[in-house]
Amino acid sequence: MNTPILIDLPSTGQRLAIARAAGWKNWEDHVATWRATLPAQKKHSQPKKSAPTGVIPPGPWYRVAWLLLSDDERHRLTHRSRSGKVLPPTTENSPVQALSAPSKMPGYSWAITAGRTCPGAVYGEGAICSACYAGGADHGNTANANNKTRGYISRTAVRRALLVREHFTRILCTTPAGRVTFADHMAAWIARNTDPADPYFRIHDSGDFWGPSYIDAWASIIARCPTITFWAPTRSWHIALSKGGRWADSFAALNALPNATIRPSALFIGDDAPQIDGFAAGSGVKTTDWNCPASTTHNECRSCRACWDTETAIYYHAH
Ligand code: SF4
């Protein structure tokens with residue numbers, strides 16, 4: 001019985017042969033010997049990004065964000081002057097970076113507070129939003145008190161940054177002139193930070209389209225950056241379907257742009273990706289038969305850009 005036991009390793013595509021004659025009690029030694037013959041495997045092979053340039057300019061959004069933090073968070077972020085005087089963070093001593101740099105994806109992205117800016121979010125048993133890494137009770141999502149933020153997004157400084165960016169949009173988007181100012185800033189930041197050789201930008205790695213005026217502002221930003229392809233997942237699609245009117249008109253104008261991939265997201269785990277007229281193919285979350293490869297590549301997109309392709313429905317692995 002000297003036939004080796006063959007084990008296929010999907011992560012490397014290699015086949016491990018363990019000699020039965022060696023006996024199972026020595027199998028660790030055989031694996032160690034075999035491992036030593038492998039080329040070094042890098043855990044992360046996606047190039048590291050430098051910090052994006054551009055900060056949210058001074059304005060009332062900093063003050064509003066400060067007021068929305070809890071007492072505990074305010075205490076943690078408080079600076080002290082040399083004389084011991086207590087100073088809240090201002091734009092001067094703690095400006096907020098305009099864009100975020102998700103480690104999973106190519107390029108940079110735009111993120112605002114989840115929950116508070118997600119009118120299409122649905123919570124409850126099996127709802128994808130109930131497992132959102134970015135949304136929780138501490139983000140204004142009081143409908144789902146058990147939904148805690150996870151990882152970097154739960155940090156107080158990150159929460160402040162998301163609130164500053166959120167109110168940068170909310171305050172500016174109340175007037176046509178403000179929308180132009182918002183679009184001017186965003187188009188400049190995105191153009192400056194996007195690699196022309198890999199021109200992809202993600203809108204909302206946290207948050208969603210919170211209103212028609214904000215959607216209009218994004219249509220203006222995307223139109224100003226014709227060489228960059230934008231992708232935004234959204235659950236606000238069902239608000240547009242139910243309300244129609246300005247919601248539907250604003251999404252129609254956004255969807256008409258050739259470099260915008262606006263994906264309607266499924267509401268519940270296991271649901272099929274929504275197919276909504278005018279929108280790109282949808283996305284969903286499944287426990288089986290997902291097609292996003294990131295769960296097999298240390299949560300990195302690497303060379304995949306499928307999310308920016310309007311034709312392909314994307315399913316992420318539920319985790
Ligand atoms: S489908 Fe591709 S581009 Fe989209 S998240 Fe997964 S790995 Fe990234």
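Which residues of the largest nonpolar core touch the most other members?

1. Basis of the note. The model is predicted, so local features need pLDDT of at least 70 and side-chain atom pairs count only at pLDDT 80 or more, while totals for chains, interfaces and linings use all residues. Residues are numbered from 1 along each chain as its sequence is written.

2. The core. Val 164, Trp 218 and Phe 230 touch the most other members of the largest nonpolar core, which has 65 residues. Helix α6 (residues 212-224) gives the largest share of this core, 7 residues. A nonpolar core is a set of buried Ala, Val, Leu, Ile, Met, Phe, Trp, Tyr and Cys residues joined through C-beta atoms within 7 Å. A residue is buried if 20 or more other C-beta atoms lie within 10 Å of its own, exposed if 12 or fewer, and partly exposed in between, with C-beta atoms placed from the backbone. In soluble globular proteins, nonpolar side chains tend to be buried together.

3. Helix α4. Helices (H or I, at least four residues) and strands (E, at least two) are DSSP runs, numbered from the N terminus. Helix α4 covers residues 156-172, and 12 of its 17 residues are buried. Val 164 is among the buried residues of α4, as are Arg 159, Glu 166 and His 167. The buried residues of α4 pack against several elements, including α2 (60-68), β6 (200-206) and α6. Leaving out residues up to four places away in sequence, Val 164 touches Ile 56, Trp 61, Tyr 62, Ala 65 and Val 96; contact requires C-beta atoms, placed from the backbone, within 7 Å.

4. The ligand shell. Cys 292, Pro 293, Ala 294, Cys 301, Cys 304, Arg 305, Ala 306, Cys 307 and Ile 314 are the residues around the ligand, each with its C-beta atom, placed from the backbone, within 6 Å of it. The shell has 8 nonpolar residues, no polar ones and 1 charged. Here Ala, Val, Leu, Ile, Met, Phe, Trp, Tyr, Cys and Pro count as nonpolar, Asp, Glu, Lys and Arg as charged, and the others, Gly among them, as polar.

5. Two loop residues. Asp 289 is in the loop between β9 and β10 (314-317), and Arg 302 is placed in the loop between β9 and β10. Asp 289 is not a glycine, yet has a positive phi of about 60°; Arg 302, also not a glycine, has a positive phi of about 50°. Asp 289 is exposed because it has 8 other C-beta atoms within 10 Å, whereas Arg 302 is partly exposed, with 16.

Note on methods: Contact = placed C-beta atoms within 7 Å. Expected span 1.5 Å × (residues − 1).
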